[in-house]
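Hi everyone, thanks for coming. Let me put the structure up on the screen, and then we can walk through it together.

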Amino acid sequence: MFSAEQSCWFVRKVICWRAVASIAWAVLLLPPITAVFVILSRFSLLHPIQTTSECLSFLTSASAIFSFILLCGVIIMVGFLNLEYYTVIPTIACSKIALLGQLLHPRQFVNSLVHCIMGIIVAWCCAVTIGGRYETVAQTNGTDGSPLMCLNEFHLILLLAGAFVGFSHSLLGVIHNMNYVSFHTVQQYKYLRFKGSLPLVVKCSATQALYSVRNFIVVYFFLGYVPKAWICKTLNLNLNSSVHPLDSIAGLLDLSLLYHLWISASFLLFTWHITLLLFRIFVTEVYSFPVQSSFTEDAHQCLPKVLTDKQPMILKFLALQDLALLSQHSPSRRCEVFSLSQPGGHAHNWNAISKECLSLLADLTQRLVAYHDTVATNGRAKSLSSGSERKTSSETSGTEDLMSPRPTYLMKTPASVFARSIVGGAPQSPLTAPFTPDLDSPFASPALRRLTAPVDQCSPWFGTVQSPHVMRRVPKLWSTSTDSQANGSPMASPASVPSPKQEPSKPSLLAQFLQNRKEQVKNFLAKRVLIMYLFNKLPEASSQALFADSQAHIWALEGLSYLVQASFSEDQFGVVQTTLPSILSCMLALQEAVDRHFKLPHASSKPVRSASSMGDSTHKTLRFALRATLKTAIYRITTTFGNHLNAVQMSAEHRKRLQQFLEYKE
């Protein structure tokens, strides 16, 4: 499944076994769940003893055993789909058209088809379990003297309801990010997490089943004749004229039918949600990585090496989680982080860990600065500049020795929710995929593209150097050449090296004609309300997507701050003190960028968590958790070192901001 050796060992030894364990527990819980469903579907208050004996006899029958085998197969398939589609970074649609594109994705079509088939299988098992008028698809009608094989519409409507519930569940999985696996802040045993989440699973299953049955009844009322006619023609069956058709008001006003539809849908969703819950609990369980190994063949399994791996993302997240935990609760493992290599006396463990954490924080800072510049200028200009140009003056003062951030480009909406989160080989990590306005959108203005185009060498602004403070506070109307930076050659001053004047080539008449027609079409579509409704960016969603991977940054902040705090008394060789200026400068730069982001109007309101779905909504509050963690991390360092931080070299702006923390004014 993975090309890299590190990914192979982790998937083979950790992820696969955890997924298998979650599926095994879901299968073991299936008999008691099925027994409860049998009792609820067959129990009668008027004949309690008789229905109890019937339920016991049914549970030991051959049909019940065959239904149980089919249900086990469905549970295994659901567990496989959870393993195939899970992700630790949610895909947040920043526009209506982006969400529609996710729903119409080819992999989503396959996923919905599989869920429909599984829904039909579970509904057939429910029909056999309920028995009576739901048991068979055909029944004999001998009212005219000659027996006729007629369609049993009660059996058909139960099967169609199962397919509809399965289809709805697959769509809601995309809308509510049910494939998103989040990590709990408070560490608990698996049994306690399962016990605490069980009431929520029951509530969500019953509520979702109620809404799904309501929607299905409406659809069946208008389109129910289509599957009935097709089934009768295919199986050569007749319609029973002695009973009311179920696609009518009289037929659907059957309380027993409505109850059985709801209880069957609840049973279907409950088994699937239990499988999903167990998968989340097992996959996010804490994994302890060794800090260093005595054998070279196990070096790729150590924490410093694992932190630098980009794929799979679950491996990186578990490594950062382990780093945050060891920095707080494990003095012996902290000593290994602070230790020196023998021979040589190099702090390889600390250097690798701190460099990766600082790289993550610097990357988030660049993304926030780029996003703020775009929003502050109202989308008028966004220059294509390298990562060094994105840095503020405070960032460049002390972080260049440990951080080598990647260039910040204009990112579009990342891959679909159905792209595997564990596939390697991507040129850019999902940790570096912010959501910014798309210049390639059909409604991007020509002025925006013209301002973001590379500057002509004949321009009087070519090669002009600007103060970093000005770059951070006003929109940049020029950009340096990316070619010279890519080649490593210094920029030539326009005063010393005269630029040869190049006459631009004029486009042909056909190209001008096509460009004019293209602009006319875009202007025409931009005036349509529906088109703009689909293509307009959602500011709140864009802010959430910008912090979609902030759980990694939260752990990086916690790990660095706790290690720096512990180094005050545990670092015997002073390996942390050499990088303390870089750590403080990086945190203060990020704190400045986060404060500027929260001054935007769409980032000021805290969303309310939704508890009516199995979809995890913790990604909506990650930016607030990051802000609190960042401020706590800085205070943790300042309260430990106190006035000793005045001897740390940093810029005047950072010195002023750090003094606010030392005086507890932030």
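First, some housekeeping. This is a predicted model, with local features needing pLDDT of at least 70, side-chain atom pairs counting only at pLDDT 80 or more, and totals for chains, interfaces and linings using all residues. Residues are numbered from 1 along each chain as its sequence is written, and side-chain values use heavy atoms, leaving out hydrogens and water.

So, the cores. A nonpolar core here is a set of buried Ala, Val, Leu, Ile, Met, Phe, Trp, Tyr and Cys residues joined through side-chain atoms within 4.5 Å; buried means under 20% relative accessible area, exposed over 50%, and partly exposed in between, with a 1.4 Å probe and protein chains only. The largest one has 85 residues, and Leu323 and Trp350 are among those with the most contacts inside it. A second, separate core holds 50 residues, including Cys72 and Met118.

Now to Arg18, which sits in helix α1, residues 5–42 (helices are DSSP runs of H or I, at least four residues, numbered from the N terminus). Arg18 is buried but has no salt bridge, meaning a side-chain nitrogen of Lys or Arg within 4 Å of a carboxyl oxygen of Asp or Glu. Glu285, the nearest side chain of opposite charge, is 4.4 Å away.

Finally, how many disulfides do we count? The count is 0, taking a disulfide as a pair of cysteine sulfur atoms within 2.5 Å. For Cys357, the nearest cysteine sulfur belongs to Cys586, 9.7 Å away. Cys357 is buried, at 0% relative accessible area, while Cys16 is partly exposed at 29%.

Notes. Helix = DSSP H or I, 4+ residues; strand = E, 2+ residues; numbered from the N terminus. Lys, Arg positive; Asp, Glu negative; His and termini not counted.
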